[in-house]
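Colleague: Let's go through the labels on this model. I want to hear what stands behind each one.

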Amino acid sequence: QRKYRCSICTSPHSRKADLDRHIRSVHTQESPYQCLGCGERFVRSDARGLHWKNVPTCHANHVKKEGH
């Protein structure tokens, strides 16, 4: 059952986290996940992970800059 509805477009979601991600990506265009390797920003962390998979040097540079 999808008990969480978007107050802007009424899109239904099963989990609050999914609703929050929907609002962030569709309505606010917020991009909280940044690659410190190149500066590109992403709406979803998994999109940043895919970026790192496709551009391994960015991931390496991100890890260096983050200090891990």
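Modeller: Start with aspartate 18, which lies in helix α1, residues 16–28. Helices here are DSSP runs of H or I with at least four residues, strands are E runs of at least two, and both are numbered from the N terminus. The model is predicted: local features need pLDDT of at least 70, side-chain atom pairs count only at pLDDT 80 or more, and totals for chains, interfaces and linings use all residues. Residues are numbered from 1 along each chain as its sequence is written, and side-chain values use heavy atoms, with hydrogens and water left out.

Colleague: Why does aspartate 18 count as buried?

Modeller: Its relative accessibility is 16%. Buried means under 20% relative accessible area, exposed means over 50%, and partly exposed is in between (1.4 Å probe, protein chains only). So aspartate 18 is buried.

Colleague: What makes the pairing of aspartate 18 with arginine 15 a polar contact?

Modeller: The two side chains meet at 2.9 Å. A polar contact is a pair of N or O atoms within 3.5 Å; within protein, one must be able to donate a hydrogen and the other to accept it, and residues adjacent in sequence count only if both atoms are side-chain atoms.

Colleague: Why is threonine 10 called partly exposed, and glutamine 29 exposed?

Modeller: Threonine 10 has a relative accessible area of 49%, so it is partly exposed. Glutamine 29 has 54%, so it is exposed. Threonine 10 sits in the loop between β1 (4–5) and β2 (12–13). Glutamine 29 sits in the loop between α1 and β3 (33–34).

Colleague: What is phi at threonine 10, and at glutamine 29?

Modeller: Threonine 10 is not a glycine, yet its phi is positive, about 65°. Glutamine 29, also a residue other than glycine, has a positive phi near 60°.

Colleague: Why are α2 and α3 called roughly perpendicular?

Modeller: Helix α2 (residues 45–54) and helix α3 (residues 56–66) pack at about 115°, with axes 4 Å apart. Angles of 65 to 115 degrees count as roughly perpendicular, under 35 as roughly parallel, over 145 as roughly antiparallel, and the rest as oblique. Therefore α2 and α3 are roughly perpendicular.

Colleague: Which residues meet there?

Modeller: Arg48, His51, Trp52, Lys53 and Asn54 of α2 meet Pro56, Cys58, His59 and His62 of α3. Contact means heavy atoms within 4.5 Å.

Colleague: How do you know where the domains divide?

Modeller: The domain assignment gives domain 1 (1–30) and domain 2 (31–67). Such bounds come from an automatic or database assignment. The domain centres, taken over C-alpha atoms, are 25 Å apart.

Notes:
Axes fitted to C-alpha atoms, helices over the stretch in contact; angles between N-to-C directions.
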